[in-house]
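Welcome! Keep the sequence and the 3D view side by side, and try each task before you read its solution.

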Amino acid sequence: MSTTSVSVKKMAAAALAAALGVTTLAACGTDDARDAAGKTDRPAPKTVTLVSHDSFNASKEVLAEFTEETGFTVKVLKAGDAGEAVNKEILTKGSPQGDVFFGVDNTLLSRALDNGIFVPYEAKGLGRIPDTFKLDKERRVTPVDTGDICVNYDKKYFADRKLAPPQTFDDLAKPAYKDLLVVENPERSSPGLGFLLGTVAKYGDDGWQDYWSKLKANGVKTVDSWELAYNQEFSGSAGGKEAKGDRPLVVSYASSPPVEVLYADPQPKEAPTGVSTGTCFRQIEFAGLLDGAKNPEGGKALIDFLISKKFQDDMPLQMFVNPVATDATLPELFTKHGVVVEEPETMAPEKIAEKREAWIQQWSSLLK
């Protein structure tokens with residue numbers, strides 16, 4: 001979607017992989033099936049390149065099965081936060097870095113579509129996805145996952161101080177929570193942009209700036225990416241112990257608590273972080289075939305695979321987002337420790353497209 005998430009050991013590893021460049025994910029043994037003469041006993045798989053944000057992940061077994069079924073090896077190129085990754089593709093329009101882009105969400109979708117970086121493709125299995133997630137009638141992008149951008153809180157911090165954690169946007173501006181919140185810059189970060197849009201949806205065109213002025217007066221801190229906010233500034237992150245922060249409130253995802261449970265050792269009975277359900281904005285992430293792709297056949301096969309039941313079932317514990325396919329099954333970890341947001345803030349894509357850049361500029365002026 002326009003998007004993620006969310007970090008702990010796996011996502012810290014994903015960021016490290018991004019720093020190193022490219023990750024190739026393929027069937028085990030593909031390069032080892034050689035006879036004594038050095039020849040392969042079957043044709044070598046062709047490569048299809050997936051460009052994405054740093055939080056993309058999938059199990060090796062599932063991607064190996066894709067290779068076995070299609071003959072295509074998946075190479076993953078991680079290009080930073082979702083906003084940064086989209087901007088890179090716009091700059092390389094017509095000569096893309098890969099064949100498929102995954103991770104543009106509803107907050108950034110119009111920017112990608114208006115710049116023409118995708119070509120239409122109707123994925124096989126699209127009928128299993130509800131129409132509410134299909135935001136582009138021309139089928140230039142395919143919905144893959146959904147989630148809610150929300151403020152997360154460190155339960156221990158608030159329990160130790162006998163202070164109730166905030167639950168709504170209004171709460172965050174109260175004196176009791178001064179100097180406790182860290183958010184991401186909406187100019188660079190998809191979660192940061194989603195949170196900004198949530199405040200606009202909540203307070204309206206005439207009220208959101210006054211709300212952010214209150215947050216500024218209440219000591220809100222801004223950093224450039226989700227990784228910095230969650231792993232370095234947030235006090236509740238299990239994955240950032242070396243640089244554990246002192247802010248017990250962070251803009252993240254409703255699905256972040258299951259991540260903390262999964263990677264804790266030993267696993268706790270209850271998630272150490274909570275979700276302020278009155279601060280949420282609904283995000284949808286998409287994949288699209290890039291204009292100028294060198295392997296469009298492989299790209300189409302990969303998009304089909306991203307909405308297959310096999311990938312959709314695998315995705316929640318890999319990227320900690322919700323599948324969009326109606327036949328996908330959520331793991332117990334998600335159903336037990338995840339949070340269902342009944343009434344997230346939403347906004348029509350047309351309004352986001354019309355006013356997003358102006359809102360970002362106004363936000364930047366306010367927070368300087």
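The model is predicted, so local features need pLDDT of at least 70 and side-chain atom pairs count only at pLDDT 80 or more, while totals for chains, interfaces and linings use all residues. Residues are numbered from 1 along each chain as its sequence is written, and side-chain values use heavy atoms, with hydrogens and water left out.

**Exercise 1. Find how α7 and α15 are oriented to each other, and list the residues that make their contact.**

Step 1. Locate the helices, which are DSSP runs (H or I, at least four residues; strands are E, at least two) numbered from the N terminus. Helix α7 covers residues 190-203, and helix α15 covers residues 349-367.

Step 2. Compare the axes, which are lines fitted to C-alpha atoms, for helices over the stretch in contact, with angles from 0 to 180 degrees between N-to-C directions. The axes of α7 and α15 are 11 Å apart, at an angle of about 100°.

Step 3. Name the orientation: under 35 degrees is roughly parallel, over 145 roughly antiparallel, 65 to 115 roughly perpendicular, and the rest oblique. The pair α7 and α15 is therefore roughly perpendicular.

Step 4. Look for contacts, meaning heavy atoms within 4.5 Å. From α7 come Leu193, Leu196, Leu197 and Val200, and from α15 come Ile352, Arg356, Trp359, Ile360 and Trp363.

Step 5. Sort these residues: Ala, Val, Leu, Ile, Met, Phe, Trp, Tyr, Cys and Pro count as nonpolar, Asp, Glu, Lys and Arg as charged, and the others, Gly among them, as polar. The contact of α7 with α15 has 8 nonpolar residues, no polar and 1 charged.

**Exercise 2. Describe how α7 packs against α8.**

Step 1. Helix α8 spans residues 208-217, and its axis lies 8 Å from that of α7, at an angle of about 125°. This angle makes α7 oblique to α8.

Step 2. Decide the handedness: a crossing is left-handed if the near helix is turned anticlockwise from the far one by less than a right angle, and right-handed if clockwise. For α7 and α8 the crossing is right-handed.

Step 3. Pick out the residues that meet: Phe195, Leu196, Thr199, Val200 and Tyr203 in α7, with Trp208, Tyr211, Trp212 and Leu215 in α8. They divide into 8 nonpolar, 1 polar and no charged.

**Exercise 3. Work out the crossing of α2 and α11.**

Step 1. Helix α2 holds residues 60-70 and helix α11 residues 296-306; their axes come within 11 Å and cross at roughly 135°. The two helices are therefore oblique to each other.

Step 2. This crossing is right-handed.

Step 3. On the α2 side, Val62, Leu63, Phe66 and Thr70 meet Ala301, Leu302 and Phe305 of α11. The contact counts 6 nonpolar residues, 1 polar and no charged.

**Exercise 4. Is Tyr157 buried or exposed, and is Gln361 buried or exposed?**

Step 1. Tyr157 is in helix α5 (residues 155-160). Its relative accessibility is 17%, so Tyr157 counts as buried.

Step 2. Leaving out residues up to four places away in sequence, Tyr157 touches Leu180 and Pro248.

Step 3. Gln361 belongs to α15. With a relative accessible area of 56%, Gln361 is exposed.

Step 4. Gln361 and Pro186 are 175 residues apart in sequence, yet their C-alpha atoms are 9.6 Å apart in space.

Definitions and conventions. Buried means under 20% relative accessible area, exposed over 50%, partly exposed in between (1.4 Å probe, protein chains only).
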